[in-house]
Amino acid sequence: MLRVQRCELDLTLLPQPRNHPVGDAPGRIEGACTLHLHNQGRRTVSRVHLLLYRLLRVTGATQDGNRALALRQSVRHLPVRDMPNLYVNRVSLALAEDLGPGQETDLHLRYAGALVGYRELFPYAHDAVHPDIAVLRPESLFYPVVGPLSLEGLRRAWSVPAFRVEVRHPADWTCLLPPARGVRLGDGATAFESADEAPGLHLFAAPYTTARGEGVLVHHRPGHQEWAQAVSSAALFARSTLQRWLGPAPAAGPVEIAEIPPGWGSQHLPGLIAQCGGEGPEQVFRDVAHEVCHFWTPSPCADPHRFCDESIAHYLEDLLVGERAGGGRGDDALLRHAAVLRERPGAVRTPLASAADGADVDIVSRHKGPVALAALERAIGKERMFGLLGSWARDPGAAGADAGAFAHFALRALRDVQAWDIGRFLDDWFFTEQAPFDPDMSPGEALDLSLARYRTAS
Ligand SMILES: [Zn+2]
């Protein structure tokens, strides 16, 4: 098996000037990349397969500095169910010298092209180089990855081990590449270096201004001070409330937020929250609170189990929205989840522990999951619930764990609960294919009826 041990990338962002005669033409990038490869398999390797964004073309490749390599490249369909339009540039390089087991080599590639993201496929991947912002995430494959032609292979492959990235950008822009700290190399260039494995490279660059206060940093775009203020106070409220409820977050450090355009997909990355700007105050609060909740859902791996990641974050987000409005969750949040689940009876029946890669994974994790946690809270009370989630967040076994592991952790933590059969409750919601509650009923009644089954005789 061929492993990338280190990635060095020189990247130039070339946005089109605002008054360009071709109007909205996408900006371009130019890249020069060195991949330090190690053959960890038992077979000699004579050919290397790389994947790149569909519009990026390799213009030259060499091995160990000077030996030019023969290359073939063609835009190929990535065979992923439900994604008929996912195309990538597949690059095949014949090595100048075979790479035996245990041997290492450096591949140098030059590539260039336009980048407009996979907006038709991933709701969050509107990546592009615009006149006033550039957002590039691993899903867009703006850097070459060594991997097979499959989405799973791709997800594994786009995580990078140690890296050094140098970005050239317009002189008045600030460039962010979390979790690495940028070093300004003069006007229009920033360097990043990391010795740790990262779940893919995420790059944000714009004429940002940074607002700082009480451990919260907000990088906002010109004229958006008021938005930055709203974001900052939402982050402070969410962080202090969650600290009070759950105890300290396992990942300490400042909350750092970068503004991205509306509709481009808010995301919590290691070291940075990418937050859509321009939305109303309620939405801003909900989004920021949600992303701050992820400080208590530690997932250092590239592809965390959605229950441990999203169900817990949505459950806490609902509580934070209620707390800000004056306390309690209110039935609003549960009504919202029930309305989504009513349309997808299959999702209501999908056990939380097996929702990791099914078709309904998002609906199950973002709607059934928070309802399950609300039901458990109704049984054991908020204080026990907060104690459970806080200790789970800080448990070494929680990082990268799946929903089944959470259920077993909950069972151990709640073994002294007498009034409820917690084991059967967890079994029905996490492991059994059945509808543990009826989304057609009013949520409060539905949960009471569902819980009645688990009340013990004592
Ligand atoms: Zn989330």
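1. Ground rules. The model is predicted, so local features are given only where pLDDT is at least 70 and side-chain atom pairs count only at pLDDT 80 or more, while totals for chains, interfaces and linings use all residues. Residue numbers start from 1 along each chain as its sequence is written.

2. Domains. The chain is assigned domain 1 (2-207), domain 2 (210-296) and domain 3 (306-452); such bounds come from an automatic or database domain assignment. Between domain 1 and domain 3, the C-alpha centres are 38 Å apart.

3. The eight-stranded sheet. Here the order is E5-E4-E8-E2-E1-E12-E15-E14, in an open sheet with mixed pairing. Strands are DSSP runs of E with at least two residues, helices are runs of H or I with at least four, and both are numbered from the N terminus. Two strands count as paired if DSSP finds at least two bridges between them. Strand E5 (67-68) and strand E14 (183-184) sit at the edges with a single partner strand each, so one side of each has no neighbour in the sheet.

4. Strand E2 (residues 28-39) runs antiparallel to strand E8 (residues 104-114), and eleven bridges link them.

5. The five-stranded sheet. This one is also open and mixed, in the order E17-E18-E19-E21-E20. Its edges are strand E17 (209-213) and strand E20 (267-269), each of which pairs on one side only. On average, neighbouring strands are turned by 20° against each other, direction ignored. Strand E18 (residues 216-220) and strand E19 (residues 255-260) are a parallel pair with four bridges, and Val-218 has Ile-257 as its bridge partner in E19.

6. Helices on that sheet. H2 packs against E17, E18, E19 and strand E21 (272-276), with its direction at about 155° to that of E18. H3 touches E19, E20 and E21, and its direction makes about 160° with that of E21. For these angles, axes are lines fitted to C-alpha atoms (for helices, over the stretch in contact), and values run from 0 to 180 degrees between N-to-C directions. Contact means that C-beta atoms, placed from the backbone, lie within 7 Å.

7. H2 against H3. How do helix H2 and helix H3 pack? Helix H2 (residues 225-246) and helix H3 (residues 281-293) have axes 9 Å apart, at an angle of about 45°. That makes H2 oblique to H3; the scheme calls angles under 35 degrees roughly parallel, over 145 roughly antiparallel, 65 to 115 roughly perpendicular, and the rest oblique. H2 contributes Ala-230, Val-231, Ala-234, Ala-235, Ala-238, Arg-239 and Leu-242, and H3 contributes Pro-281, Val-284, Phe-285, Val-288, Ala-289, Val-292 and Cys-293. By class, that contact has 13 nonpolar, no polar and one charged residues. The classes are Ala, Val, Leu, Ile, Met, Phe, Trp, Tyr, Cys and Pro as nonpolar, Asp, Glu, Lys and Arg as charged, and the others, Gly among them, as polar.

8. H7 against H8. Helix H7 (residues 361-380) packs with helix H8 (residues 382-394) at about 125°, with the axes 7 Å apart. This angle makes H7 oblique to H8. The contact brings Leu-376, Glu-377 and Ile-380 of H7 to Lys-382, Arg-384 and Met-385 of H8, which by class gives three nonpolar, no polar and three charged residues.

9. H8 against H9. H8 and helix H9 (residues 403-413) cross at roughly 125°, their axes coming within 11 Å. The two are therefore oblique to each other, and the crossing is right-handed. Leu-388, Ser-391 and Trp-392 of H8 meet Phe-406, Phe-409, Ala-410 and Ala-413 of H9. By class, the count for H8 with H9 is six nonpolar, one polar and no charged.

10. Backbone spots to look at. The peptide bond joining Pro-178 and Pro-179 is cis, with omega about 0°; Pro-179 is in the loop between strand E13 (174-176) and E14. Asp-64 has a positive phi, near 45°, in a residue other than glycine. You'll find Asp-64 in the loop between strand E4 (56-63) and E5.

Notes. Two residues are in contact if their C-beta atoms, placed from the backbone, lie within 7 Å. A crossing is left-handed if the near helix is turned anticlockwise from the far one by less than a right angle, and right-handed if clockwise.
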